[in-house]
Amino acid sequence: MALDNATIAFLNASAEAAGPEAKPMWHLPPAEARAISAGMTPMFGTGPDMHSTQEHLLTGIDGGQFAVRVHVPVEKPAGVFVYLHGGGWVLSDIDSFDTLGRQLAEKSGCAVVLVNYRKAPESRFPIAVEDSWTALQWAAGHLEEIAGAQVPLFVGGDSAGGNLSAVMALRARDNNGPQLAKQILIYPVTDADFSRGSYLEDENQTLLTTEFMQWFWDHYVPNPEDRRHHEASPLRAESLEGLAPALVITGAHDVLRDEGEAYAQRLQEAGVPTEHRRWEGQMHGFFSMVNVLPAAAEAMDFVAAAVRADLKQEAAR
């Protein structure tokens with residue numbers, strides 16, 4: 001199945017707006033690439049109003065600081081969802097994902113904690129992992145302050161954020177908590193292997209190309225040996241047994257498709273309750289294209305419904 005019409009129209013409009021002289025993002029220094037990426041944010045709109053929004057400054061393992069933003073949709077949300085955004089560990093921030101976070105909060109009934117983990121190359125692996133872990137532990141320790149009760153805790157994210165979310169589930173298992181209701185991995189990075197079939201298919205070279213993904217890895221984990229560590233490439237973890245239940249979403253035309261689906265398969269083989277859905281007609285990044293691509297709204301509703309089902313099941317216990 002080919003890319004859907006909405007995606008093709010978006011890609012054509014983006015190419016026309018950029019002009020024929022535009023350099024590929026992976027030929028740019030991070031600062032320039034970040035500026036171009038941030039320029040897309042206004043198209044996402046402002047998102048629904050929240051009951052409250054709070055900002056907190058957390059201190060990382062090395063003494064550096066980073067922000068989290070907590071969107072609370074109602075007075076007593078039914079859960080707390082720590083969301084780790086995409087951007088290849090180099091691009092984007094919680095401002096760029098604010099609309100997504102608000103929509104996720106409204107539709108799921110959870111308070112959403114957006115984590116502005118520090119980016120490479122200024123902060124290379126494992127700083128993003130450590131910041132994410134600090135934020136997850138902080139959320140687990142502040143459930144009552146955020147939601148008014150000891151509610152279920154979710155972790156999830158897209159792309160590089162899906163990578164970090166998978167690593168958080170591994171850490172939570174290996175450290176006997178915090179207990180996670182579910183890990184939600186949206187086209188996650190799970191391995192630094194560019195030989196997989198989805199990396200080689202021409203129709204998958206859209207917003208995220210093979211060269212762009214190599215650029216991200218070069219900035220985040222420049223040492224090839226370090227890329228084999230399971231906290232960089234969670235597919236390489238020795239065992240996935242005992243992890244939190246998982247929801248894995250992949251895009252049919254995404255260079256990351258095969259590694260995301262390989263991770264879903266390994267989770268299933270390890271006995272982890274896992275639901276996987278491949279979104280047909282979609283490229284990498286579609287989930288974050290809120291108010292732009294119809295598939296983004298469909299996928300958001302799908303994720304929110306899965307979270308609400310878990311919350312309903314938890315409430316019935």
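A salt bridge here is a side-chain nitrogen of Lys or Arg within 4 Å of a carboxyl oxygen of Asp or Glu. The model is predicted, so local features need pLDDT of at least 70 and side-chain atom pairs pLDDT 80 or more, while totals for chains, interfaces and linings use all residues. Residues are numbered from 1 along each chain as its sequence is written, and side-chain values use heavy atoms, without hydrogens or water.

Let's start with charged pairs. The structure holds 19 salt bridges. One of them joins K107 to D301, with the closest N and O atoms 3.1 Å apart. This pair links distant parts of the chain, 194 residues apart: K107 lies in helix α3 and D301 in helix α10 (residues 294–316). Helices are DSSP runs of H or I with at least four residues, strands are E runs of at least two, and both are numbered from the N terminus.

Stay with α3 (residues 98–108) for another pair: R102 and D98 are four residues apart, so about one helical turn separates them. Their side chains meet in a salt bridge of 2.7 Å, N to O. Both residues are buried (under 20% relative accessible area; exposed is over 50% and partly exposed in between, with a 1.4 Å probe and protein chains only). K107, by contrast, counts as partly exposed because its relative accessibility is 30%.

Now look at R118, in the loop between β4 (110–115) and α4 (127–141). R118 counts as buried because its relative accessibility is 15%.
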